[in-house]
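The following briefing describes selected local features of the structure shown below. It is arranged by topic.

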Amino acid sequence: MSKQVYLFGGTARSQDPRSRDKTIVGGKGANLAEMAGIGLPVPPGFTITTEECVRYLAEGGEFSDELKAEVAAALVHIETTVGKKFGDAADPLLVSVRSGARVSMPGMMDTVLNLGLNDVTVQGLATSSGDARFAWDSYRRFIQMYSDVVLGLDHHQFEDALEIAKEDSGYYADVEMQAEDWQVLVGQYNGIVEAALGHPFPQDVHEQLWGAIRAVFDSWDSDRAKVYRRLNDISGDWGTAVNVQAMVFGNMGDTSATGVAFTRDPATGEKAYYGEWLVNAQGEDVVAGIRTPQYLTKASRERAGAKPLSMEEAMPAAFGELAAVFELLEQQYRDMQDIEFTVERGHLWMLQTRSGKRTAKAALKMAVDMTHEGLIDERTAICRVDPMALDQLLHPTLDPEAARDVLGKGLPASPGAASGAIVLDADLAEKLAERGDAVILVRVETSPEDIHGMHAAKGILTARGGMTSHAAVVARGMGRPCVSGASSVSIDMASRTLKIGNRALKEGDLITLDGSTGEIMAGYVPTIEPELVGDFGVLMGWADRHRRMKVRTNAETPADCRTARQFGAEGVGLCRTEHMFFDAARIASVRQMILAEDDGNRRAALAKLLPEQRADFHAIFEVMAGLPVTVRLLDPPLHEFLPHADAEFAELSETIGIGVDTLKRRAAELHEFNPMLGHRGCRLGITFPEIYEMQARALFEAACDVAAQGGEAPVPEVMVPLVATRKELAILKALIDRTAEAVFSEKGARVAYHVGTMIELPRAALMAGEIAEVGEFFSFGTNDLTQTTLGVSRDDAARFLGPYVEQGIFPRDPFVSLDIEGVGQLVEMAVERGRATRPDIKLGICGEHGGDPASIAFCEKVGLDYVSASPYRVPIARLAAAQAALA
Ligand code: PEP
Ligand code: MG
C-alpha cells in the first residue's frame with residue numbers, strides 16, 4: 001500500500017511525486033509542500049491523502065491501523081519541528097485541521113483551528129505565551145468551532161452566549177473582553193456542550209484530532225459540497241485531503257495579524273498587491289466580517305480614503321517580507337496567487353497559496369501582462385483565459401454591486417444584460433422603441449414574425465423554447481440579451497398581465513434580464529458597458545497565430561456581418577435566408593408565393609422578391625469583400641409564414657387578391673403535426689423548385705454585380721439544407737448550376753462558386769460518402785443533427801432537459817455542448833466518408849455548437865476546416881480554436 005500521509009515544513013523534503021500531486025494531497029496540500037520546498041515560512045504539518053478519504057467513505061467511516069500509525073509518526077514531525085508536544089500541559093502544540101480537495105471549493109468543507117486545547121492545556125498556553133487573554137480567547141474559539149463542525153451543535157447558541165456576556169459587561173466589541181471574561185464564557189460553552197450531548201467537551205487531544213479528521217472527510221459528502229460539485233462539474237469520486245498543521249497565531253497582540261492577499265488585483269488585473277488584513281485576529285475574523293478588515297497597501301488605503309493604517313504602514317518589516325514572497329510565488333507558479341498569511345509576534349507565516357479566481361477582464365490583462373513580463377509564453381497566455389468569459393467583456397453586464405430582486409430564472413440563451421418595460425407583442429415593442437423607450441419583449445415563445453420586435457427590444461424573455469429555439473438563435477445573432485424557456489413565466493394576453501413565479505406584473509412594468517445567468521429581476525438594475533481595450537486585441541492576435549481552424553459567422557444582415565468582421569470573422573458560415581423574408585414589407589409577397597394555387601401566380605410573387613433578395617446578397621457580399629459567404633437556401637416550414645388572425649387574413653386577401661376562404665383553406669392544407677420533421681429544408685426546393693431558383697438567381701446576379709464593381713470578388717457557397725439523400729442534392733445542384741449558367745450568360749461574366757450541403761440528418765451522415773460525390777462542401781448543422789439523432793425537439797427540450805442534466809444523463813445540454821459520444825460519432829463518420837470520396841472537401845460546422853469551446857475542441861480533433869458562430873461568439877470561437885490547436 002502506498003503512503004497515505006505526507007509531511008511538509010521543517011526538515012521534511014519528500015522526493016515522492018505524490019507529495020506534490022494535487023490529485024493525491026489536494027490543492028492546498030500540494031501548494032503547502034511546494035511553498036515549504038522553496039524555503040518559504042510554512043508552519044510544519046502533514047497531509048492525509050484524498051485516497052484515504054475515498055477509502056474511508058467507501059468503507060463506512062473506519063480508519064485503518066496503518067493510517068493511525070502514519071498519523072502518529074507525522075505528529076512527531078510537527079512536534080520536533082516546533083519544539084512543543086501535542087497535549088502537553090505546560091507548553092502545548094496546537095494544530096489546525098483543514099480540508100483540501102483537488103480543486104478548491106471555497107467554504108464548502110470544514111476547518112477546525114486551535115485543536116489541542118482543553119481545560120489543562122489552556123492554562124499551559126496562558127503561561128507559555130505570557131498572554132492569558134489570548135489563551136482563553138483561543139479556547140473559546142476552538143470549542144465553538146469544534147462543536148459546530150465535529151459535534152454538530154448549532155453555532156448560534158455560542159454566539160448568543162457571547163452577545164449576552166458582552167452586554168452584561170457593557171462591552172461593544174470582542175476586543176474589550178478580558179482573560180477572565182473569556183474564561184467565564186468557556187465555562188458557559190462547556191455547559192452548552194454537556195447539556196446538548198450529555199457528556200463534556202472532549203478533553204483527550206487525540207480524540208479531538210481524529211474527530212476533526214473524520215468531520216473533514218465526512219464534509220466531502222455534505223449537501224452543500226454536493227451542490228457545489230454539481231454546479232462546477234467536479235467529480236464526487238475525488239474525495240478531499242486533510243491538512244493538519246501547527247497553529248500560528250495572529251491574535252497574540254498588536255504585533256500579530258492575519259490576512260488574505262492577491263499578488264495582483266483580481267478584479268482589474270492591475271499589477272498591484274491587493275488584500276485585507278486585521279491586527280490581533282485569527283483568519284476567520286477576516287472572512288467572517290466580524291471586524292472590518294484594513295487595506296494591505298498604503299496606496300489602496302489612500303485611494304479608498306480610509307483611516308486605519310495599512311499593513312505596509314503599520315508593519316513595514318513583515319509587509320516587506322510578504323511582498324518578497326508575492327514575487328517568489330508568482331515566479332514559482334507563473335500565475336496570480338491568492339494567499340493566506342499570519343504574522344505571529346512580527347514573524348510572517350504562509351498558510352496557503354493557490355491560483356486566484358479573477359474576472360474576465362483581469363484574466364485578460366494578467367495573461368497579456370505576464371507574457372510581456374516574460375513570466376509566461378504566448379501559448380500559456382492563450383490557454384489561461386476561459387473563452388466563455390470573453391462574453392462578459394463583449395456585452396454590457398449587470399453592475400455586480402447593484403441590488404437585485406430576482407423574480408425567476410430561465411435559460412441563459414443570449415448573454416448581456418438589459419432593462420426595460422415589459423411589452424407583450426412585437427408590434428408594440430417596435431412602436432415604443434421608435435419613441436425611444438427601452439422595452440423587453442416577453443413572449444410565450446417567439447416566431448419569425450416577432451423579428452422586428454426582437455430587434456427593437458433591449459432584451460427578450462420567453463416562457464418556452466431551449467437554447468437553440470428561434471428566440472435564442474435570433475437573439476444571439478443580434479447580440480440581444482435573451483432568457484428563454486423560463487417556465488415560471490405565465491402570460492395572460494387578454495388582460496395583458498403576466499406572472500413570474502408568484503409575482504404579478506403587467507405590461508409596462510420595468511424588468512431586467514441577465515442573459516448570461518438566465519436571471520429575471522424586478523425593476524431597473526444598472527449595467528456596465530464593455531470595454532474592448534488593448535489587451536483584448538493582443539490576446540486575439542496571439543490566438544489567431546496559433547489556431548488552425550478558420551472562424552466564420554452565422555449572420556444574415558449587413559449589420560451583423562459588419563459586427564462579426566469587427567470581431568474577426570473570416571467569412572459567413574451560415575446565412576439563413578428565411579430571416580430575410582420576414583421583413584414586414586416582404587411578407588405579403590412571401591405569403592402570395594406560398595398560397596398561390598398556380599405557377600403563374602407563384603412566379604409573379606417570386607418576381608417581386610427577386611430584386612429584394614438580390615439587394616440583400618449584394619450588401620452582404622460588399623461587407624464580406626472577398627471572403628467566403630455560405631448562403632443557405634430557404635429552410636423553415638412554410639406555415640411559419642402564414643397569417644394566424646382573421647384580421648391578417650383579411651389584409652392579405654386585400655393585398656394579393658385571393659379570397660379569405662381560399663387563403664384559409666390553403667393555410668389549413670399546409671398545417672403540419674410535426675413541422676420540424678415536415679415540409680422544410682430541401683424538401684421545399686424539391687417541391688417548389690422556383691423558390692430555390694429565385695434565390696440562386698438573386699445570389700448569382702448579386703455576385704456578378706459586386707464583382708463587376710471591381711474590388712474583391714465574392715466567393716458564394718450555395719448550401720442546401722436538410723439533405724438526406726444524394727439524389728435530393730443532385731437534383732438541386734443541377735438547378736443551381738443551371739441558374740448560374742443562365743445568369744453568367746446574361747451578364748457575360750462568371751464568378752467562382754461552390755455548391756454543398758448541410759449534414760444535419762443521421763442519414764446524411766451515414767451516406768456522406770455518396771453525398772460528397774455531388775456536394776463540394778459539408779457544413780454540420782448540429783442543431784438539427786442533435787434533434788434528429790436524439791429524437792428530442794429543439795423547441796421543446798427546455799421543458800425536460802434540466803432534470804436530465806441534473807441527473808447526469810447528459811453532462812451538459814446537448815443543444816449547447818455537442819453530445820460528442822453520440823452525435824459526435826455521426827460527425828466523425830461523415831468527415832471520414834466525405835473525405836474518402838472527395839479529399840479536398842471543405843468541412844465546417846454552423847450549428848450553435850460552433851460557438852461552444854468544448855464542441856470546438858472536438859471540431860479540431862476531427863479536423864474540420866472552420867467553425868461558424870454568431871457574431872458575438874466569434875472571439876470566443878477564435879480563442880477556443882487556438883486552445884484546441886494547442887491542446
Ligand atoms: C442546424 O440545424 O444546426 C442549423 C445550423 O440550421 P438551423 O438552426 O437553421 O436549423
Ligand atoms: Mg438546421
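At 0% relative accessibility, His-849 counts as buried, where buried means under 20% relative accessible area, exposed over 50% and partly exposed in between, with a 1.4 Å probe and protein chains only. This is a predicted model, in which local features need pLDDT of at least 70, side-chain atom pairs count only at pLDDT 80 or more, and totals for chains, interfaces and linings use all residues. Residues are numbered from 1 along each chain as its sequence is written, chains are lettered from A and ligands numbered from 1 in the order in which they are written, and side-chain values use heavy atoms, with hydrogens and water left out.

**Surroundings of His-849**

- His-849 is placed in the loop between strand S32 (842-845) and helix H35 (853-862); helices (H or I, at least four residues) and strands (E, at least two) are DSSP runs, numbered from the N terminus.
- Not counting residues up to four places away in sequence, the residues that His-849 touches include Thr-782, Asn-783, Thr-786, Pro-814 and Phe-815; contact means heavy atoms within 4.5 Å.
- Val-816, Ser-817, Leu-818, Ser-855 and Ile-856 are also among the residues touched by His-849.

- Glu-760 (OE) and Asp-784 (OD) coordinate the magnesium ion (ligand 2) at 2.0 to 2.2 Å.
- This pair links distant parts of the chain, 24 residues apart: Glu-760 is in the loop between strand S30 (754-759) and helix H30 (762-766), and Asp-784 is in helix H32 (residues 782-790).
- Donors are N, O and S atoms within 2.8 Å of the metal (3.2 Å for Na, K and Ca); water is not among the atoms, so sites may look incomplete.
- Both Glu-760 and Asp-784 are buried.
- Ligand 1 is surrounded by 14 residues, of which the closest are Arg-576, Arg-632, Gly-781, Asn-783 and Arg-794; a residue is near a molecule or strand if one of its heavy atoms lies within 4 Å of it.
- A polar side-chain atom of Glu-760 lies 2.9 Å from an oxygen atom of ligand 1.
- An N or O atom in the side chain of Asp-784 is 2.9 Å from an oxygen atom of ligand 1.
- For Arg-632, an N or O atom in the side chain is 2.9 Å from an oxygen atom of ligand 1.

- Strand S26 (residues 550-554) pairs with S27 in the parallel sense over two bridges; two strands pair if DSSP finds at least two bridges between them.
- In strand S27 (residues 572-576), five of the five residues are buried.
- Val-572 in S27 is the bridge partner of Thr-553, and Val-572 also stands opposite Val-629 in S28.
- S27 and strand S28 (residues 628-632) run parallel and are joined by three bridges.
- S28 is largely enclosed by the rest of the structure, because five of its five residues are buried.
- From S28, Pro-628, Thr-630 and Arg-632 point one way, whereas Val-629 and Val-631 point the other way.
- In a regular strand the side chains alternate between the two faces of the sheet.
- Five bridges join S28 to strand S29 (residues 715-720), and these strands run parallel.
- Arg-632 in S28 is the bridge partner of Arg-576, and Met-719 in S29 is the bridge partner of Arg-632.

**Helix H17**

- Ala-426, Ala-429 and Leu-432 are the buried residues of helix H17 (residues 426-434).
- Seen down the axis of H17, these residues fall within an arc of 130°, so they line one face of the helix; the arc is that of the directions from the helix axis to the C-beta atoms.
- Asp-427, Lys-431 and Glu-434 are exposed on the other side of H17.
- The cover over the buried residues of H17 includes strand S16 (417-423), strand S17 (439-443) and helix H18 (451-456).
- Gly-436, which follows H17, has a positive phi near 100°.

- Most residues other than glycine have a negative phi.
- Asn-114 has a positive phi near 65°; this residue is in strand S6 (residues 111-115) and is buried, with a relative accessible area of 0%.
- Arg-334 has a positive phi of about 55°; this residue is in the loop between helix H13 (316-333) and strand S11 (337-344) and is partly exposed, with a relative accessible area of 36%.

Definitions and conventions
A polar contact is a pair of N or O atoms within 3.5 Å; within protein, one must be able to donate a hydrogen and the other to accept it, and residues adjacent in sequence count only if both atoms are side-chain atoms.
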